[in-house]
Amino acid sequence: MSCGTNEWCARFVERHRSALNFAALVLGYILYLIVGAGIFSAVELPYEKELRQELRDARRDFLNDSPCVDEERLEKLLARVLEASNYGVTVHGNDSDQNWDFVSSLFFTSTVLTTTGYGHTVPLSDEGKAFCVFYSLFGIPVTLLFLSAVVQRLMVLVTRRPITYFHRRWAMSKSLLSFIHAFCLGIFLTLALLVIPSWIFVTTEKDWNFLESLYFCFISLTTIGLGDYVPGSTHSKDERPHPHLYRLGITVYLLVGLICVLVMLETCCELPQMRRLRQRFYHEHIHELDPETTTIIDRDQLAEEPRYTADPLPTIIPSVSDQAASLRKDSGLAYTAANGANGKLR
C-alpha cells in the first residue's frame, strides 16, 4: 500500500511540478514581505519614537521660554506649516525660488510619467489635480511605448549583436557568453549610474553623504521614488548659482538612467539561465492550443533554434575535374550495362 502511495505521489508531483513550484514561489514571496516588514519595524521604530520625543521636548521648551505664545495658536500654525510642506511649499530659506517654474515643472512631469513620483511637489489647485489625472492617463502608456521602443533598439546594439559577434568569432557557448556579457554590463552600469553619480551628488549636495547619495540614485532609477531625498531642495544661491541647469541635468540623468536600467533588466531576462528558471513556474501545453497558435509556436521555435546552435561545418565541395570524372565513370557503367543487356537479348 505504501509503495502504491509513493508512486501516486511521485506521479502527482511530476504532473503538477510547475504548479507546485509556482505555489512555493508565491509563499516564498509572501514570507519575504513579512520578513522585510519585521526588520524595518525593528530597525526604524526606535528611531521614530526618539524623534517624536525630541519634537515633544522642543515644543515644551519653546512654550516654557515663550510664555506669551498661546499653545492653541501654536498648534494651528504647526498644522498649517505641515500641510503646506506636504505640498512642497515651505518658508525655510530663500522663498523667492518657485516650485512650479518651467524647469521644475519639467522635472515633475518626468517623475510622473516614469511613475517615480517623489511627492515633494504636488499640484495645489483642483485644476492641476484634474489635469494631472488626464495627463498621466495618456502619458504613462505613451511613456511605456517610448521606453520599450528605445530599449529594444538598444538591445540590438548593446546585447544581441555583441553576443552574436563573439559567438561566431570565439565559438563559445551562447549561454556562457550571455552570462559573461550580462555580468560585465552590470558592473559597468553600476559604476556609471550609481557610484560615479553618487560622488557627484556628494560634492553638489552639502548635506548628503555617500550612502545618502547612493540611496537616492538607487531609489530613483528603480522608480521607487520615496521623495525623502530630492536634489536641489536647498535654495542657496552661493552653493548652486545655476539651479535650473542643475535640475535639468538631473532630469536627463534620471531618464537616461532609467533606460539603461531597463536594458540591463531585459538583458538578464534573455539569459538562457533565466529562461530555464522561469519555465519551472509555468508549463504550457501546446497540444491544448488551437491549430493556428500551435503552428505559430512551432515556427517561432524553428526560427529560434539556429540562434542557439553552433554553425554546421562546411561541406567539402568537389572540384570540376572530379565531377567530370564521376560523370564519365557513371556514363561508362551505364554503357557497359546497356551492351550487356543487348548481348543477352541476342
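Colleague: Why is S220 called buried?
Modeller: S220 has 5% relative accessibility. Buried means under 20% relative accessible area, exposed means over 50%, and partly exposed lies in between, with a 1.4 Å probe and protein chains only. At 5%, S220 therefore counts as buried.

Colleague: What kind of model is this, and how are residues numbered?
Modeller: It is a predicted model, in which local features need pLDDT of at least 70 and side-chain atom pairs count only at pLDDT 80 or more, while totals for chains, interfaces and linings use all residues. Residues are numbered from 1 along each chain as its sequence is written, and side-chain values use heavy atoms, with hydrogens and water left out.

Colleague: Where is S220 found, and what does S220 touch?
Modeller: S220 is found in helix α7, residues 210-221. Setting aside residues up to four places away in sequence, S220 touches T116, Y118 and L254. A contact here means heavy atoms within 4.5 Å. S220 and L254 are 34 residues apart along the chain, with 7.2 Å between their C-alpha atoms.

Colleague: What elements make up the chain?
Modeller: The chain has 11 helices and zero strands. Both are DSSP runs numbered from the N terminus: helices are H or I with at least four residues, strands are E with at least two. Of the 346 residues, 21% count as buried.

Colleague: What makes R52 and E48 a salt bridge?
Modeller: Their side chains meet at 3.1 Å, N to O. A salt bridge needs a side-chain nitrogen of Lys or Arg within 4 Å of a carboxyl oxygen of Asp or Glu. The R52 and E48 pair is within that limit, so the name applies. Both residues lie in helix α2, four residues apart, about one turn of the helix. R52 is partly exposed at 46%, and E48 is partly exposed at 38%.

Colleague: Which parts does the pair of R59 and E71 tie together?
Modeller: The side chains of R59 and E71 meet in a salt bridge at 2.4 Å, N to O. R59 lies in helix α2 and E71 in helix α3, residues 71-86, so the pair ties together parts 12 residues apart in sequence. R59, E71 and E75 are linked in a network of salt bridges.

Colleague: How far apart in sequence are the parts that E270 and R160 tie together?
Modeller: E270 and R160 form a salt bridge at 2.5 Å, N to O. E270 lies in the loop between α8 and α9, and R160 in helix α5, so the pair ties together parts that are 110 residues apart in sequence. R160 is partly exposed, at 28%. A search of the whole structure finds six salt bridges.

Colleague: Which residues make the nonpolar surface patch?
Modeller: F22, L25, V26, L27, I30 and I34 make the patch, about 560 Å². Patch residues have over 30% relative accessible area and no salt bridge; like charges are joined within 9 Å, nonpolar side chains (Val, Leu, Ile, Met, Phe, Trp, Tyr) within 5 Å. Areas come from the Shrake-Rupley method with a 1.4 Å probe; for residues, only the protein chains shown count as cover. L27, found in helix α2, has 59% relative accessible area and is exposed.

Colleague: Which phi value does A171 have, and where does A171 lie?
Modeller: A171 has a positive phi of about 55° although it is not a glycine. A171 lies in the loop between α5 and α6. At 66% relative accessible area, A171 is exposed.
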